[in-house]
Protein chains: 2
Amino acid sequence: MLKLASAGAAGAAIGAAGFGGAIKALGYELPSFDNQHSDVSTISFYDRYQSGISTPVQKHIYFASLEILIQSAHELQELFKMWTPIAARLMDGKQIEEPSTNRYVAPGDTGEAMGLDASRLTITFGVGPSLFEKLHLQDKKPKELNDLPHFPKDQLDEAYTGGDICIQACADDPQVAFHAVRNLIRSATGLVKMKWSQSGFNAIPADGSTSRNLFAFKDGTVNPATDEEYNESVWVKAGESTSWMTGGTYLIYRKIQMHLETWDRTSLKEQEATFGRHRESGAAIGKESEFEDFDVLEKDGAGKYIIPEDSHVHLARLAKKAILRRAFSYSSGMVSSTGAHDAGLMFISFQKNPQQFIDIQNSLGRIDKLNEYITHRGSAIFACFPGVEKGSYLGEALFTHL
Amino acid sequence: MLKLASAGAAGAAIGAAGFGGAIKALGYELPSFDNQHSDVSTISFYDRYQSGISTPVQKHIYFASLEILIQSAHELQELFKMWTPIAARLMDGKQIEEPSTNRYVAPGDTGEAMGLDASRLTITFGVGPSLFEKLHLQDKKPKELNDLPHFPKDQLDEAYTGGDICIQACADDPQVAFHAVRNLIRSATGLVKMKWSQSGFNAIPADGSTSRNLFAFKDGTVNPATDEEYNESVWVKAGESTSWMTGGTYLIYRKIQMHLETWDRTSLKEQEATFGRHRESGAAIGKESEFEDFDVLEKDGAGKYIIPEDSHVHLARLAKKAILRRAFSYSSGMVSSTGAHDAGLMFISFQKNPQQFIDIQNSLGRIDKLNEYITHRGSAIFACFPGVEKGSYLGEALFTHL
């Protein structure tokens, strides 16, 4: 099932997106890309792994968590069969169906992406633990797939927690990402309904350097980069989980509100001691450059840890677990009760086993200095299927052994 | 006071933004722009008119409506004096102050825009009718500046209505726009507080064609384009309003929720009859191309209006009033009570007299077919100062005649 046309991190070679038109507009010719697609903004849906995981991060995300209205595994299978070609068309920058000449019916595609290119759209599907219970499929539920435990300082809001199915749409244009989610949900009217959704953004510097979160610190410095690291931490290998998850991965979502006004009153020294990194460079405290390696147990002449032992980096590193962070910022207006910015981080991570995340979060525990400035407001976990081979469909392995 | 270095629609010549870095990354050299600024992503704060009005629309907006905590006109003047150089620095892509070497104080700039270019950031300031009452400045309040009348079908939420001061930050990067608003508000801690804020986006096709709203129809086709049209409809000329408004304009904000699920069940024929335009081309009904002129009173052989008389375009055109539309879409997750998308249009228009908008809205009245698919949820009006000459400050003319 996994003999596929291309391998590895599919998006990685594609590079920055959507600039083709602008470059042409300035009178330049684009170099010809030796690619199966007609433009650099298109990422293939059909691949060994689902897109939107190892794909270089895009500028925008629209994340939807769905509840199922269907009642059988067979209906679920039909749903994913239906969604497969739609997702492939969307990622190709096409409308979900060719426009009809019949003007007396509602358009097949909602149309707001007409004239826009694919904008590096990726669509990633996953299923939550509640799905298996609702459909009496407990024997198919990976033993790793459970609601996350309660962590210290969690103040979760049911309105941003859980879900049976997730659709993560990422693109360099927010309207393209929204259009994808809207049309996938619309195509499944009566089968699913939205439980919650959230949009987010990533500010990607033109030089390709690491994005900063709304606390102005670089986010995602220590991500897996090589195929080896992905195999080690992200992709489920045969025997490591339920068989249908081979080539898949687990997505963890945390809506983390950042108390910007409190943070903004904090000294730079304290901010850096909180993260364990320098703000401007992103280097670990005591180091010069962002990617310079460091040992959190290193002490100074006075016997004190150079990277404070209650700093985020120190505690996270002690867990000795690697995950793929693929976070976005959000700014959703104002918290009406306080007048503060309703803003923060859509923390999204991918790992072959949710325990990797749980170990890190437990290590952060109550003493992470960052806890003074953040509150976890939402939480969800989804098992993301392996990639889809042409002719197959999303989650096929889950259903073929029913 | 209006002898300024450059004239007219400042941003118009600058073109698409932020691609410089990407082009360089692909190995191209940028043409040298004969411009006072170092890169194509920078728009000058100092100009005859405020930026963000005639500036070609950017991809993102962060709009904040503020309440004042200050109690005198003098404090207000000091506030705008303080904001002036900060806004200029932000639009130049700089931090609001040079980083301090003192790590024991909070950073002067919140820092999340470090490494990002100016992204065609524009910042537009305005003052609402309530400001004049709070500060007992009724004699300075333009007689045109009043809360909008109640319109049929309005269902306004106080949480998105009104405000003493507005800051409209538009940029091609959402983090740059958010950073601008955040730092301006932070610099005025204790002087203002947020009343509401809203982020939005615009999907700009690579070929520069008109953006589509979330109903998939092109939005902004009939905007003023020439200096003459701007003078006719947008910029206040001497004698047309209170003297301090000469060179200014009135901003009207309407948060318009779009009922996407209802719209998506409607036939294409009905959708087009609702707008009075064809969806794909944007042409008026019966016409071939978007910019082809049309007469809404034209009838077909059977004596029926070709553009239905209850269509949005038909009714809007009957008012015979031109305004500058500068709208953005928003998608703010889900309406929790219904499970529907909480999405729609941040309608923003600029006109030399709010009556232009009121006349159009009154013409739409109860019979606009579009009313079936939208609900106005928020409303605000602000008098936007003229542009700022170097050495002067925002709203100087308002204060110099106190």
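Start by selecting A:Ala169. Skipping its neighbours within four places in sequence, A:Ala169 is in contact with A:Ile61, A:Tyr62, A:Leu121, A:Ile123, A:Ala177, A:Ala180 and A:Val181. As a rule, nonpolar side chains in soluble globular proteins tend to be buried together.

Before going further, colour everything by pLDDT, since this is a predicted model. Chain A averages a pLDDT of 90, and 90% of the residues score at least 70. Now select residues 1-38 of chain A: here pLDDT stays under 50, and the model has 65 contacts beyond four places in sequence for this stretch. For the complex, the predictor gives an ipTM of 0.90 and a pTM of 0.90.

Switch to cartoon and look at chain A as a whole. Of the 402 residues of chain A, 52% count as buried. Among the contacts in chain A with a separation of 6 or more, 78% are between residues 24 or more positions apart.

**The two copies**

Now bring both chains into view. How many degrees of rotation superpose chain A on chain B? The answer is 180 degrees, with 0.0 Å of shift along the axis and an RMSD of 0.0 Å. The two copies are therefore related as by a two-fold rotation axis. Both copies use the same surface, as 100% of the contact residues of chain A recur in chain B.

Select the contact itself: 58 residues come from chain A and 58 residues from chain B. On the side of chain A that touches chain B, the elements giving two or more residues are α1 (20-25), α4 (174-187), β4 (192-201), α7 (268-275) and β7 (328-335). Highlight β4(A), which gives the most to that side, with 7 residues. Colour the chain A side by class and you get 26 nonpolar, 18 polar and 14 charged residues.

**A helix with a buried face**

Next, select residues 354-364 of chain A, which is helix α9. Its buried residues are A:Pro354, A:Gln356, A:Phe357, A:Ile360, A:Gln361 and A:Leu364. Turn the view until you look down the axis of α9(A): the buried residues fall within an arc of 155 degrees, so they line one face of the helix. What do the buried residues of α9(A) pack against? Their partners in chain A are α5 (227-233), β5 (249-258), α8 (312-318), β8 (340-351) and β9 (374-384). Step past the end of α9(A) and you reach A:Gly365, with a positive phi near 45 degrees.

**Over to chain B**

Select residues 268-275 of chain B, helix α7, where 6 of the 8 residues are buried. Those are B:Leu268, B:Gln271, B:Glu272, B:Ala273, B:Thr274 and B:Phe275.

**Stops in the loops**

Go to the loop between α2 (73-91) and β2 (122-127) of chain B and pick B:Asp109. Is B:Asp109 buried or exposed? B:Asp109 is buried, because 25 other C-beta atoms lie within 10 Å, and 20 or more is enough to count as buried. Apart from neighbours within four places in sequence, B:Asp109 is in contact with B:Gln95, B:Ile96, B:Glu97 and B:Asn183. For a distance check, draw a line from B:Asp109 to B:Ile256: they are 147 residues apart in sequence and 34 Å apart in space, C-alpha to C-alpha.

Stay in the loop between α2 and β2 of chain B and move to B:Ser119. Phi of B:Ser119 is near 55 degrees, a positive value in a residue other than glycine. B:Ser119 is buried, with 27 other C-beta atoms within 10 Å.

For the last stop, select B:Lys320, in the loop between α8 and β6 (324-325) of chain B. Phi of B:Lys320 is positive, near 50 degrees, and this residue is not a glycine. Where B:Ser119 is buried, B:Lys320 counts as exposed, because it has 10 C-beta neighbours inside 10 Å and the cut-off for exposed is 12 or fewer.

Conventions
Residues numbered from 1 in each chain as written. Chains lettered and ligands numbered in written order. Predicted model: local features only at pLDDT ≥ 70, side-chain atom pairs only at ≥ 80, totals over all residues. Contact = placed C-beta atoms within 7 Å. Helix = DSSP H or I, 4+ residues; strand = E, 2+ residues; numbered from the N terminus. Nonpolar A, V, L, I, M, F, W, Y, C, P; charged D, E, K, R; others polar. Arc of directions from axis to C-beta. Least-squares fit on C-alpha atoms with pLDDT ≥ 70 in both. pLDDT = per-residue confidence, 0-100.
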